[in-house]
Amino acid sequence: MPDLVRTASGRQLRVEVSGDPRGRPVFLLHGMPGSRVGPRPRPMFLYQHGARLISFDRPGYGGSDRRPGRRVVDAVEDVTAVADALGLDRFAVAGRSGGGPHALACAALLPGRVTRAAALVGLAPRDAEGLDWFAGMTPFNVLEFHTAFTDPERYVARIIPRSAVIRSNPGRMLEELRSDLTEEDRMIVSDSNIRSMLLRTYHEALRTSAYGWIDDAFALTSPWGFDPAHIGVPVLLWHGAKDVFSPASHFSWLAARIPRAKAVLEPKAAHFASLRALPDVLDWLLAGTPRE
């Protein structure tokens, strides 16, 4: 299994494969900031369920080369490159938080290869018609996304020193989020196993630079490059009604536009509850994915 894959344009992607080497393939696209080593079900779960979980650092994160100006739709090229390198014809795709839109891009543009797709606590397009994009969002996220959209240079100047602090102390990221977490989310991120995975992914995400994070924010607040209404493969949308990082109104907008989407809204859950939902989501993805 290669841990480095080159795209058609010559960029390098850092890849990690876990679980059953002969299992049904599922791509897991990480959040923002995040990396290939982000939270996932335990290896024993993956083996028992016959899952081969594939993750990679989006451009600019961890060990992957940056792609300045990338759009959400550009994730399709990277997933294709990794799938080709691994000899995969058909596979499922899941994305959590900032990875959700990238998973939907694959569902829209790779209908012949993607069997099923899932987006957990994801965002809707910034230009979504009829959606107040910032409604229900924590003021901190409103400021960050608004700055990325209206004043890119200022956003870069904010994120570079912030990422340097988090790189040296990944726990700072959770400290910054803590005041906006529900009681349930605080319990989830306090779990020693989940906290360890989160700290590891934050550190790896920002290990080489802040530009994966920066380019993610620019991509998510710019036109995505595809229409979710054109998705033809089965899609599962999972969201917590109490999420203030990705408000549930984004989930509702996507659910109304993606044909035949299976929409699951947990009334008492928030953002990080998606980590506990991931095993069930993987079961749903695997049910429609054949072995290679």
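The model is predicted, so local features need pLDDT of at least 70 and side-chain atom pairs count only at pLDDT 80 or more, while totals for chains, interfaces and linings use all residues. Residues are numbered from 1 along each chain as its sequence is written, and side-chain values use heavy atoms, with hydrogens and water left out.

An open sheet of 8 strands runs in the order β1-β2-β4-β3-β5-β6-β7-β8, with mixed pairing. Strands (E, at least two residues) and helices (H or I, at least four) are DSSP runs numbered from the N terminus, and two strands pair if DSSP finds at least two bridges between them. The edges are held by β1 (4-6) and β8 (262-266); each has a single partner strand, so one side of each lacks a neighbour in the sheet. On average, neighbouring strands are turned by 20 degrees against each other, direction ignored.

Within the sheet, β5 (residues 91-96) pairs with β6 (residues 114-120) in the parallel sense over 5 bridges. F91 stands opposite V114 in β6, and G95 stands opposite A119 in β6. β3 and β5 also run parallel, joined by 4 bridges, and V26 stands opposite A92 in β5.

In a regular strand, side chains alternate between the two faces of the sheet. Both faces of β5 are covered: F91, V93 and G95 on one side are buried, as are A92, A94 and R96 on the other. Buried means under 20% relative accessible area, against over 50% for exposed and partly exposed in between, with a 1.4 Å probe and protein chains only.

β5, α3 and β6 make a right-handed β-α-β unit; with the strands pointing away from the viewer, the path from the first strand over the helix to the second runs clockwise.

Helix α2 (residues 75-85) packs with α3 at an angle of about 75 degrees, their axes 9 Å apart. Axes are lines fitted to C-alpha atoms, for helices over the stretch in contact, and angles run from 0 to 180 degrees between N-to-C directions. The two helices are therefore roughly perpendicular to each other, a class that spans 65 to 115 degrees, beside roughly parallel under 35, roughly antiparallel over 145 and oblique for the rest. A75, V76 and V79 of α2 meet H102, A105, C106 and L109 of α3, where contact means heavy atoms within 4.5 Å.
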